[in-house]
Amino acid sequence: MSNSGEENKLNAEFAKLRATVDRPNILLAGCTGAGKTSLLNEVFKKDIAKTGAGKPITQKIEKFCDDDSKVVIFDSKGYEIGSEQEKNFMDDVVGLCKRIGTDEDKIHVAWYCIQAPGARITDFDIESIKRMCDTNTPVAIVLTKSDQVSDPDAQALIQVIVKELPGISCFEVTTKKDIKSLQSNLDNLVAWTNDQLPESLRMAFIAEQQRDLERKKIKARSVVHQHAVGAFGIGFSPIPGSDAPLLLTNQYALLARVLYIFGMDGEKDKYSALIKGIMANILPTLGKWTVAQALKFIPGIGSIIGGLIDASVATSLTLAFGYAIVETAYYARRNSLDEFINSDDAQMVSSVIADVFNKAFDKELKEHM
Ligand SMILES: Nc1nc2c(ncn2[C@@H]2O[C@H](COP(=O)(O)OP(=O)(O)OP(=O)(O)O)[C@@H](O)[C@H]2O)c(=O)[nH]1
Ligand SMILES: [Mg+2]
């Protein structure tokens, strides 16, 4: 599919975002086969750390910082328990945690993986974790493969951990989809991680995690609010294709931010590319419709001379437009519309998406005008 002018504008906004949004550095630690890579794929839902694609940072640590990725992963190469390599591992991992200040390799949060089967935490693990915590790096223990142990065994292990490392956060998880209680601990790990990050890194983290859709929605709505009050310093521009002087805060920048948070900015994922294209291309036609709708809600707007729109009207309009985009992206993520994709019926998806937007916009206008 060749890109339309609208898609090019949107892609330019994505490029700006990638260049300006700061990404969190997440360290994965744990022995060979502990389930580090599987954990990453479960939280971020894609092969974020494929073997061999990383850049070696130290002997034991590889950095994965694909341009497409919104988090930077430091994956410690597994060591064999009880081996000589353990010492190198500890020096490398603790050394990395010690980096401070504005160093781009500063670790913002660490997930220390221990396999639940075996039900033990070694002295080596305890010492490593203590030394990592001493550097003021937030560390969570992730008990992987918890589906493979009985609940009493898992509880016994957690008791030992809490005794050895008082106050540490500990998450029993699995990659097995059918074990809901353990899967929900992955959501708790996401919540914990978000809380540890400075505000400036949360947008990228929330955008990259694929577990908590509600969190994406809340973040996206707050971004819309920031746009509407001009916090991003982005000027007003006319709605494309509209024939009345209604102005919105730069709608492509707004659309880009919302789609970014919902992970629909990438090229590689076919579904995101489709939704992104549809939303970019319906903006001009939406413009006309928007004007028609808005006229119903704003008394006397027809007589406003171009450019002289009242600031509070522009704010309300941007809010309504932005929140409607959030609803639409949320809908598209929640219902993956697979049946349409498989039939390659982009026209059909397009009309479903337009319909969701129209209804949401109508509702939001009533609320904000
Ligand atoms: N049953 C079960 N198996 C798991 C789970 N998580 C990972 N595994 C399996 O454990 C094995 C090792 O997982 P990886 O994610 O490759 O482990 P790793 O820590 O990245 O290993 P290295 O890269 O060698 O350090 C794989 O065969 C996974 O399928 C889980 O939650 N439950
Ligand atoms: Mg691995």
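This is a predicted model: local features need pLDDT of at least 70, side-chain atom pairs count only at pLDDT 80 or more; totals for chains, interfaces and linings use all residues.
Visitor: How many residues surround ligand 1?
Guide: Among the residues around ligand 1, the closest are Lys36, Thr37, Ser38, Asp147 and Thr175. The shell divides into two nonpolar, four charged and nine polar residues. Taken together, the number of residues that surround ligand 1 is 15.

Visitor: How far is an oxygen atom of ligand 1 from a polar backbone atom of Thr175?
Guide: A polar contact needs a pair of N or O atoms within 3.5 Å. A backbone N or O atom of Gly33 lies 3.0 Å from an oxygen atom of ligand 1, and a polar side-chain atom of Thr174 lies 3.4 Å from an oxygen atom of the ligand. For the polar backbone atom of Thr175, the distance to an oxygen atom of ligand 1 is 2.8 Å.

Visitor: What share of the accessible area of ligand 1 does the protein cover?
Guide: On its own, ligand 1 has 660 Å² of accessible area. Of this area, the protein covers 66%.

Visitor: Is Cys113 buried or exposed?
Guide: A residue counts as buried when its relative accessible area is under 20%. Cys65, at 28% relative accessibility, therefore counts as partly exposed. Cys113 has a relative accessibility of 2%, so this residue counts as buried.

Visitor: How many disulfides does the count come to?
Guide: A disulfide is a covalent bond between the sulfur atoms of two cysteines, and the cut-off for such a pair is 2.5 Å. The sulfur of Cys113 is too far for a bond, because the closest cysteine sulfur, in Cys31, is 9.2 Å away. By this rule, the number of disulfides is zero.

Notes: Residues are numbered from 1 along each chain as its sequence is written. Chains are lettered from A and ligands numbered from 1 in the order in which they are written. Side-chain values use heavy atoms; hydrogens and water are left out. A residue is near a molecule or strand if one of its heavy atoms lies within 4 Å of it. A polar contact is a pair of N or O atoms within 3.5 Å; within protein, one must be able to donate a hydrogen and the other to accept it, and residues adjacent in sequence count only if both atoms are side-chain atoms. Accessible areas come from the Shrake-Rupley method with a 1.4 Å probe; for residues, only the protein chains shown count as cover. Ala, Val, Leu, Ile, Met, Phe, Trp, Tyr, Cys and Pro count as nonpolar, Asp, Glu, Lys and Arg as charged, and the others, Gly among them, as polar. Buried means under 20% relative accessible area, exposed over 50%, partly exposed in between (1.4 Å probe, protein chains only).
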